[in-house]
Amino acid sequence: MKWEMSRVVKTVTDILVAPIIIFGIYLILHGHLTPGGGFQGGAVIASSTALLIIAYGTLGKHKKDLSSIEAVGLTLFILIAFLGIGSTVFYNYITGTGFPFGGSLPYHGPNPGYINTGGTITFMNLMVGIEVAAALSLILWMMSKRGGVMEPKGSSSKKAEGKD
Amino acid sequence: MEPIIQIIQLLVLIGLIVTALAVVFFKDLISAAIALGASSLLLALQFYLLRAPDVAIAEAAVGAALTTAIFIFAIRSTDRKEGCK
Amino acid sequence: MKKALALVAFFVIFSFLLLGVVQMRPFGEPENEDMDDYFLGDSQKRHEVNNVVTAVLFDYRGLDTLGEATILFAAVSGVLTVLRRFKDKEEGEK
């Protein structure tokens with residue numbers, strides 16, 4: 001089903017989508033420092049997808065890509081969790097090494113925090129963010145594609161009525 | 001807690017009750033969905049005032065944006081008024 | 001009859017909610033504080049993380065988060081299964 005909103009809605013969507021996605025990425029990457037995290041950032045990114053779907057009516061042919069991204073995010077999350085099985089599952093094996101995000105805080109206690117800390121927690125935030133963003137976008141898109149009874153004019157509604 | 005915060009919390013709770021009653025009593029389903037979104041937004045504000053910013057962000061993103069969008073997508077496919085046919 | 005039943009159910013649920021409000025502890029004073037103190041002290045020591053909520057979510061209670069992600073995956077699988085479009089119909093709509 002195809003629909004489009006007016007030019008005003010499209011322009012505002014074009015302006016707003018990039019800041020919303022950047023805010024979601026900020027929430028995901030700063031999940032170990034500030035309130036937020038993988039689920040919240042992924043939901044914010046998915047809300048930008050909702051804006052795009054409402055304004056333009058379509059996302060193109062990316063259904064396979066979205067489901068692949070979701071499966072890859074979940075698989076990498078499980079992989080990161082089970083890589084620490086030498087001691088326990090969900091063991092933080094990156095903290096204290098020289099790996100990215102493996103640094104340590106300068107002192108313990110109230111401090112502003114540094115982004116080069118966190119270890120596996122940062123990577124898990126990233127993976128959960130990817131998975132949640134792809135999953136919620138996919139749910140939104142599948143829900144939006146099945147409409148068509150209310151739409152008076154459009155390319156697909158007549159054929160759908162004829163078949164039903 | 002400061003009294004101004006308590007007054008804001010009281011106003012937010014009254015607004016929550018009003019929007020929840022509006023969800024029940026609206027006959028137009030799209031109006032009811034929008035009222036549900038407003039209720040979720042006020043709930044997110046209440047979470048923030050109770051010092052749970054994580055839950056507030058999740059509630060604002062999922063409850064106010066995604067749930068309203070999914071409800072409106074579902075209402076488009078069916079009847080807009082409650083109880084017709 | 002139906003209205004009387006609804007009224008009784010309403011008052012029972014309302015009284016339970018009112019009981020919960022009356023017996024609520026003051027804000028910021030939970031009943032057991034041992035685990036809270038452990039999390040607050042240990043998350044910076046062991047994981048070098050400032051956000052304790054994230055440390056609890058992804059390390060101490062990581063299996064719960066794994067279950068949540070799996071539930072989301074299952075929900076997407078269900079939506080894709082229920083709302084799928086069959087082959088001939090997809091060609092007809094294009």
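A:Phe101 is partly exposed, with a relative accessible area of 22%; buried denotes under 20% relative accessible area, exposed over 50%, and partly exposed the range in between (1.4 Å probe, protein chains only). The structure is a predicted model, in which local features need pLDDT of at least 70 and side-chain atom pairs count only at pLDDT 80 or more, whereas totals for chains, interfaces and linings use all residues. Residues are numbered from 1 along each chain as its sequence is written, chains are lettered from A and ligands numbered from 1 in the order in which they are written, and side-chain values use heavy atoms, with hydrogens and water left out.

Over all chains, a search of the whole structure finds ten aromatic pairs. Rings of Phe, Tyr and Trp (its six-membered ring) are paired if their centres lie within 6.5 Å, with planes under 30 degrees apart classed as stacked, over 60 as edge-to-face and the rest as tilted. In the pair of A:Phe101 and A:Phe123, the ring centres are 5.5 Å apart and the planes stand at 85 degrees, so the arrangement is edge-to-face. Because A:Phe101 lies in the loop between H3 and H4 of chain A and A:Phe123 in helix H4 of chain A, the pair ties together parts 22 residues apart in sequence. Helices (H or I, at least four residues) and strands (E, at least two) are DSSP runs, numbered from the N terminus. A:Phe123 has a relative accessibility of 18% and therefore counts as buried. An edge-to-face pair is also formed by C:Phe10 and C:Phe11, at 5.4 Å centre to centre and 70 degrees between the planes. C:Phe10 is partly exposed, with a relative accessible area of 48%, and C:Phe11 counts as partly exposed at 48% relative accessibility. One aromatic cluster consists of A:Phe77, A:Phe90 and C:Phe58.

The contact between the two chains (heavy atoms within 4.5 Å) takes 46 residues from chain A and 32 residues from chain C. Chain C and chain A bury about 3300 Å² between them, of which 63% is on carbon and sulfur atoms; buried area is the accessible area (1.4 Å probe) that two parts lose on being put together, summed over both. Across this interface, seven residue pairs are in polar contact, both residues at pLDDT 80 or more. On the side of chain C that touches chain A, the elements giving two or more residues are helix H2 (34–47), helix H3 (52–60), helix H4 (62–82) and helix H5 (87–93) of chain C. H4(C) provides the largest share, twelve residues.

Within chain A, A:Thr49 is located in helix H2 (residues 38–56) and counts as buried at 11% relative accessibility. Leaving aside neighbours within four places in sequence, A:Thr49 is in contact with A:Leu59 and A:Ser137. The side chains of A:Thr49 and A:Ser137 are joined by a polar contact of 3.2 Å. A polar contact is a pair of N or O atoms within 3.5 Å; within protein, one must be able to donate a hydrogen and the other to accept it, and residues adjacent in sequence count only if both atoms are side-chain atoms.

A:Val89 is placed in the loop between helix H3 (63–82) and helix H4 (120–145) of chain A, and is partly exposed with a relative accessible area of 29%. Not counting residues up to four places away in sequence, A:Val89 touches A:Ala81, A:Phe82 and A:Gly84.
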